[in-house]
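Work through the exercises below with the sequence and coordinates open. Each task is followed by a stepwise solution.

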Amino acid sequence: LSVAMRVCRLLLLATFGLSSPLNALAQEPPPRIGPFVVDVRGTVPRFDQSDQLAESHGLLPGDLPRTGLGVDAGAHFYVFKWKAVTFGLGGQATLARAHASPAESTGLRPVTERFASITPQLSLNFGSGNGWSYLSAGIGAARWKIVPDGAQEGPADQERLRTVNYGGGARWFVKRHLAVNVDVRFHQVDPGTPTLGRPGSPRTTFMIFGGGISVK
């Protein structure tokens, strides 16, 4: 997690550092942030492999996938500005998947892990309409499925869990309405309910890196 937080700080510093010279050279004041933006990103999730998470699905820790691929999409509306901060309201949908295919000689099982969530978001934004950094957070709902290949989903895979979604990133507009973006996000998922004589999944926080485009 410390590596990801350093990445967030570097992104914010880079945005602030780039915006000052550009603003000084501009003949007109830079445009304001917003009024809205839509993001689409490809993502790389880093899932947890704890003992309790594996046990909650009748698996071994080595069965659990680690790194996967996914996509997220979001929309934000910018409602007002106070001093250097522009406040935004919006939401984000996240889909992520990872698959582990261990060699038969290891005795481990092939497993597919899927995570899906929808989360409202409050954001704090810094910069101008030419490019801005942000911090955002929200509380929503998620489903987290961890299923061995060829097996049926169990009760733990169907449970709806509360998730806290928080992170930060930046958008750089290469054209008036088109930007590239990067994002580092954490999902803190509530514990699951014990079922079938197994413990519930633990409170878990995992990280998702993302990059893509923004349109305003």
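The exercises cover strand pairing, nonpolar cores and one histidine in a predicted model.

**Exercise 1. Strand order**

Task: State in what order the eight strands close into a barrel, and whether the pairing is parallel or antiparallel.

Solution: 
1. Begin with strand E1 (residues 36–46), which is joined to E2 by eight bridges, with the two strands running antiparallel. Within this pair, Val-40 has Ala-73 of E2 as its bridge partner.
2. Go on to E2 and E3, an antiparallel pair with 13 bridges. Here Leu-69 is opposite Arg-97 in E3.
3. Then take E3 and E4, again antiparallel, with 15 bridges. Gln-92 faces Thr-119 of E4 across this pairing.
4. Carried through to the end, the order is E1-E2-E3-E4-E5-E6-E7-E8, a closed barrel of eight strands with antiparallel pairing. From one strand to the next, the twist averages 25°.

**Exercise 2. A hairpin turn**

Task: Find how many residues separate E2 and E3 in their hairpin, and which turn residue has a positive phi.

Solution: 
1. Strand E2 covers 69–82, and strand E3 covers 85–100.
2. Two residues lie between these strands in the hairpin.
3. In the turn, Lys-83 has a positive phi of about 55°.

**Exercise 3. The nonpolar cores**

Task: Identify which members of the largest nonpolar core touch the most other members, and which element gives the most to this core.

Solution: 
1. The largest nonpolar core has 16 residues; Phe-47, Phe-115, Trp-144, Ile-146 and Phe-206 touch the most other members.
2. At least two core residues come from each of helix H2 (51–55) and strands E3, E4 (111–128), E5 (131–148) and E8 (204–215). E5 gives the most, with three residues.
3. Check Phe-47, leaving out neighbours within four places in sequence: its contacts include Phe-115, Trp-144 and Phe-206, along with Arg-66 and Glu-113.
4. A separate second core has six residues, among them Val-37, Tyr-78, Phe-173 and Ala-179.

**Exercise 4. His-57**

Task: Decide whether His-57 is buried or exposed, and list what it touches.

Solution: 
1. Locate His-57 in the loop between H2 and strand E2.
2. Its relative accessible area is 11%. The cut-off for buried is under 20%, so His-57 is buried.
3. Not counting residues up to four places away in sequence, His-57 touches Trp-144, Ile-146, Ala-156, Asp-157 and Arg-198. Of these, Trp-144 and Ile-146 also belong to the largest nonpolar core.

Key:
Residues numbered from 1 in each chain as written. Predicted model: local features only at pLDDT ≥ 70, side-chain atom pairs only at ≥ 80, totals over all residues. Heavy atoms only, no water. Core = buried A, V, L, I, M, F, W, Y, C linked by side-chain atoms within 4.5 Å. Buried < 20%, exposed > 50% of the residue type's maximum accessible area, 1.4 Å probe, protein only. Helix = DSSP H or I, 4+ residues; strand = E, 2+ residues; numbered from the N terminus. Contact = heavy atoms within 4.5 Å. Pairing = 2+ DSSP bridges. Axes fitted to C-alpha atoms, helices over the stretch in contact; angles between N-to-C directions.
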